[in-house]
Amino acid sequence: MQDYFKRQIQLWGEETQAILATKKIAIIGAGGLGSSLSFALGAAGIAEIHLIDFDEVSLHNIHRQIAFKMGDEGKNKAEINAQLIEQRSPFTKAFSYTCNFQEWSQKNVEVDLIIDATDNLPTRSEINTYAKEHNLPWVYGSVEAFHGQVCFFDKSSFNDAFKITQQTPAGIAAPIVMHIASLQANLALRYLANLSVKKDLLYYLFFNDEGELVTQKFKLPS
């Protein structure tokens, strides 16, 4: 284990790495954000990663959902991600659930943190409600076109900050998916490792017409 996590242990020490080995997380959605999150967190030394997604791989997913390759069409996304996590790290147990979030929430799986990798507001509202009921923090992330949003929800409520509607997302560029997932993963890893995390702060990132990356921050009400 010390050789496998050598660079992380150099960063924060064996004690913090041992803390990660006790943590459990749930990633809701195993598509674009979920695939990148699986790669970013799956080999970090977290004890358990629970992946929830009822959807199957389609051809149009593959360009931006890095866990999948040609030939994976028709396979369940959560199952593929769970297999990749365990192939990359012998120290993490991955569980896949071929169901939606509401169905998973009734299984009473205990986790330390929930990470949103969905693509719709109603499911995020359900995650928020579940998190509040179980006194759990969760990390929100969304992407569309060349912009995205990230927030570590603790005291604030997603349902108060956002208008919950059904809408069809616009087109999307693959790199922004990885970028937003990376920010989510960093927030999650800092929290799980007992490092400081700025909570209830919404980060809004976008590329303007000149190709400049702009980051805006908004403090959400408690």
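In strand E4, Ile115 is the bridge partner of Ile27. Helices (H or I, at least four residues) and strands (E, at least two) are DSSP runs, numbered from the N terminus. Two strands pair if DSSP finds at least two bridges between them. E1 and E4 pair over four bridges, in the parallel sense. The model is a predicted one: local features need pLDDT of at least 70, side-chain atom pairs count only at pLDDT 80 or more, and totals for chains, interfaces and linings use all residues. Residues are numbered from 1 along each chain as its sequence is written, and side-chain values use heavy atoms, with hydrogens and water left out.

Stay with E1. Five bridges join this strand to E2, and the two run parallel. Together, E1, H2 and E2 make a right-handed β-α-β unit. To check the hand, point the strands away from you: a crossover is right-handed if the path from the first strand over the helix to the second runs clockwise.

How many of the five residues of E1 are buried? Four are, so the strand is largely enclosed by the rest of the structure. Buried means under 20% relative accessible area, exposed means over 50%, and partly exposed lies in between (1.4 Å probe, protein chains only).

Now look at the nonpolar cores. Such a core is a set of buried Ala, Val, Leu, Ile, Met, Phe, Trp, Tyr and Cys residues joined through side-chain atoms within 4.5 Å. In soluble globular proteins, nonpolar side chains tend to be buried together. Here the largest core has 34 residues. Those with the most contacts inside it are Ile25, Ile27, Leu37, Leu41, Leu113 and Ile115. Several elements each supply at least two residues of this core, including helix H1 (6–20), E1, helix H2 (32–42) and E4. The largest share, nine residues, comes from H7. A second, separate core has 23 residues, including Ala26, Ile28, Leu136 and Cys151.

Contact means heavy atoms within 4.5 Å. Leaving aside neighbours within four places in sequence, Ile115 touches Ile25, Ala26, Ile27, Ile28, Leu37, Leu41, Val139, Gln184 and Ala188.

Next come the charged pairs. A salt bridge is a side-chain nitrogen of Lys or Arg within 4 Å of a carboxyl oxygen of Asp or Glu. By this rule there are six salt bridges. One joins Lys24 and Glu48, with the closest N and O atoms 3.9 Å apart. This pair links distant parts of the chain: Lys24 sits in E1 and Glu48 in E2, 24 residues apart. Lys24 counts as partly exposed, because its relative accessibility is 29%.

Another salt bridge joins Asp116 and Arg124, at 2.8 Å from N to O. Are these two residues buried or exposed? Asp116 is buried, with a relative accessible area of 0%. Arg124 is buried as well, at 5%. Elsewhere, salt bridges that share partners join Lys69, Asp72 and Lys75 into one network. Within it, Lys75 and Asp72 meet at 3.4 Å, N to O. Asp72 is buried at 3% relative accessibility, whereas Lys75 is partly exposed at 41%.

Arg124 leads on to helix H5, where it is among the buried residues, as are Leu121, Ile127 and Tyr130. The buried residues of H5 pack against strand E1 (24–28), helix H4 (101–105), strand E4 (113–116), strand E5 (138–144) and helix H6 (158–161). How far should the 13 residues of H5 span? The expected span of a helix is 1.5 Å times one less than its number of residues. For H5 that gives 18 Å, and the end C-alpha atoms are 18 Å apart, which agrees. After H5 comes Asn135, whose phi is positive, near 55°.

Beyond its neighbours within four places in sequence, Arg88 is in contact with Tyr4, Phe39 and Ala43. Arg88 and Phe5 are 83 residues apart in sequence, yet 12 Å apart in space, C-alpha to C-alpha.
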